[in-house]
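We will go stop by stop, selecting a few residues each time.

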Amino acid sequence: MKTDKPVLLVVEDDLGIQKQLKWGLDQFELVFAQDRASAIKQLRRYEPKVVTLDLGLPPDPANASEGLATLSEIVALSPLTKVIVVTGNEDKANAIEAVKLGAYDFYHKPIDADILTILVKRALWLHELEKANQEFSKIDLRLARIIGDSPEIQKLCRVVEKIAPTEITTLILGESGTGKEVFARAIHDCSLRKDAPFIAINCASIPENLLESELFGYERGAFTGAHKKTQGKIECAQGGTLFLDEIGDMPLSLQAKMLRFLQERVIEPVGSRQQIDVDVRVICATNKDVLAMAQQQAFREDLYYRISEMTLQLPALRERGSDVLLLARAFLVNINKELGAHIKGFDDSALQALYQYHWPGNIRELQNKLKSAVIMAEGGRISALDLSLPSSLQAKPNQPFNLREIREQAEKNAVTEALSFSDNNVSKAAELLGITRPTLYALLDKYAISSQVDSASQIG
């Protein structure tokens with residue numbers, strides 16, 4: 001059913017009332033059913049958000065038993081669907097019973113289309129609210145580690161939700177301190193493996209000669225100091241998720257063995273010839289350009305394509321706008337608990353400093369600066385002085401908070417880009433912007449955009 005109107009399932013065996021509702025409820029796309037069987041069939045097919053249900057259905061239209069049974073089945077199959085029961089004017093007992101069974105509301109005959117429209121709209125609104133709240137609750141619990149309202153972060157959260165239930169191998173790219181492990185854990189928490197282990201290993205922090213045994217495990221006597229058989233990180237992640245941080249620093253000599261593991265899902269501990277089957281999901285991360293490394297033969301190209309079935313590019317903190325303030329407030333709560341402090345928040349100078357600073361060390365630098373600021377703060381709020389941010393490093397340009405300034409800047413940018421796109425042809429630029437030529441000329445005068453335009457417009 002292709003329509004912009006919300007679908008409304010009407011369960012009513014009276015053809016006269018069906019016709020009345022069809023004309024009276026024209027703001028909705030009506031789907032009809034005459035009995036319990038057809039109502040459930042239509043419910044499964046169209047998944048309506050709202051249902052109107054006449055309690056007097058065949059084969060027993062004189063009583064409400066069949067209508068109440070239909071209601072119970074609808075509520076069981078689709079708990080969020082709002083059911084408005086329609087009863088006779090004297091049938092209040094069954095109306096109340098219907099509400100007890102899960103009906104959203106009841107309405108007494110005769111039908112008044114205007115009043116019923118209001119009830120349906122309220123039910124639709126409540127359905128959307130409950131659905132949004134349900135989704136938010138799931139996201140909030142599973143993606144609670146990810147803090148940010150910027151479009152970039154919200155888009156990444158949607159990607160996490162989509163890929164998490166799959167087994168796709170994911171490569172997370174981003175500068176140091178941007179939260180790559182946080183996103184890896186979010187993918188794990190949203191996946192079917194969430195109750196199994198999440199095992200992380202930093203490939204750059206372990207000496208090359210030890211990394212293989214750390215990943216794959218080893219047998220007793222495999223090398224000097226191997227006094228007992230030891231499981232590797234891969235086997236420890238059995239059934240769960242293995243997070244390989246700084247995969248770009250993995251030695252070339254080990255990459256072939258890692259590729260075999262990813263392709264065949266078997267490992268051989270150091271000093272053993274016995275293969276062990278492993279069932280793990282693999283997520284990798286790096287701050288290096290591994291594609292360029294692969295092209296320069298500094299990283300195995302086949303391994304790169306194997307670990308990057310899906311790639312997430314995390315933005316730097318300086319690219320996330322006001323997210324830095326959200327993060328700062330969230331971190332302050334945790335730091336207060338950790339240090340037993342009672343800092344209430346930030347003064348205006350601190351907020352401005354946090355927003356303007358370039359944050360070359362990203363979120364990790366933010367956490368460190370906040371911890372030292374809490375220790376140094378003498379009042380109840382952190383000041384810019386407490387943050388001790390270097391003024392010599394690049395800062396973000398000042399952003400206006402005045403709505404008029406923001407609108408004018410956006411308008412000027414749109415005009416400039418339209419002119420550029422149309423090669424300074426005023427007629428084409430006006431068409432792109434959806435305005436008249438005189439209006440565009442007025443904007444050109446307002447923002448003093450005149451170079452190359454007059455001569456180009458004469459040619460066009």
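This tour of a predicted model visits helix pairs, nonpolar cores and some backbone details.

**Stop 1: a helix pair.** Select helix H8 (residues 208-216) and helix H10 (residues 252-264). Their axes come within 10 Å and cross at roughly 15 degrees. Angles under 35 degrees count as roughly parallel, so H8 and H10 are roughly parallel to each other. Their crossing is left-handed. Now show side chains. On H8, pick Glu208, Leu211, Glu212, Leu215 and Phe216; on H10, pick Ser253, Leu254, Lys257, Met258 and Phe261. These residues make the contact. They divide into 6 nonpolar, 1 polar and 3 charged.

**Stop 2: the largest nonpolar core.** Which residues have the most contacts inside it? Select Leu215, Ile234, Leu244, Met258 and Phe261. The core has 33 residues. Several elements give two or more residues to it, including strand S6 (170-173), strand S7 (198-202), H8 and H10. H10 supplies the largest share, 5 residues. Next, centre on Leu244. Beyond its neighbours within four places in sequence, Leu244 touches Ile201, Cys203, Leu215, Met258, Val282, Ile283, Cys284 and Ala285. Another core, of 25 residues, lies apart from the largest one. To find it, select Ala350, Leu354, Tyr355 and Ile363, which are among its residues.

Stop 3: Select helix H17 (residues 403-421) and helix H18 (residues 426-433). They pack at an angle of about 125 degrees, with axes 8 Å apart. That makes H17 oblique to H18. This crossing is right-handed. Ala414, Val415, Ala418, Leu419 and Phe421 in H17 meet Ala429, Leu432 and Leu433 in H18. How many of these contact residues are nonpolar, polar or charged? The count is 8 nonpolar, no polar and no charged.

**Stop 4: backbone details.** Most residues other than glycine have a negative phi, and most peptide bonds are trans. Look at some exceptions.

- Select Pro58 and Pro59. A cis peptide bond joins them, with omega about 15 degrees. Pro59 sits in the loop between strand S3 (50-54) and helix H3 (65-77).
- Go to Lys109 and Pro110. Their peptide bond is cis too, with omega near 5 degrees. Pro110 is in the loop between strand S5 (105-108) and helix H5 (113-142).
- Select Glu47. Its phi is positive, near 45 degrees. Glu47 lies in the loop between helix H2 (36-46) and S3. Glu47 is exposed, at 65% relative accessible area.
- Finish at Arg265. Its phi is also positive, about 55 degrees. Arg265 is in the loop between H10 and strand S9 (266-267). At 21% relative accessibility, Arg265 counts as partly exposed.

Terms used: Residues are numbered from 1 along each chain as its sequence is written. This is a predicted model: local features need pLDDT of at least 70, side-chain atom pairs count only at pLDDT 80 or more; totals for chains, interfaces and linings use all residues. Side-chain values use heavy atoms; hydrogens and water are left out. Axes are lines fitted to C-alpha atoms, for helices over the stretch in contact, and angles run from 0 to 180 degrees between N-to-C directions. Helices (H or I, at least four residues) and strands (E, at least two) are DSSP runs, numbered from the N terminus. Angles under 35 degrees count as roughly parallel, over 145 as roughly antiparallel, 65 to 115 as roughly perpendicular and the rest as oblique. A crossing is left-handed if the near helix is turned anticlockwise from the far one by less than a right angle, and right-handed if clockwise. Contact means heavy atoms within 4.5 Å. Ala, Val, Leu, Ile, Met, Phe, Trp, Tyr, Cys and Pro count as nonpolar, Asp, Glu, Lys and Arg as charged, and the others, Gly among them, as polar. A nonpolar core is a set of buried Ala, Val, Leu, Ile, Met, Phe, Trp, Tyr and Cys residues joined through side-chain atoms within 4.5 Å. Buried means under 20% relative accessible area, exposed over 50%, partly exposed in between (1.4 Å probe, protein chains only).
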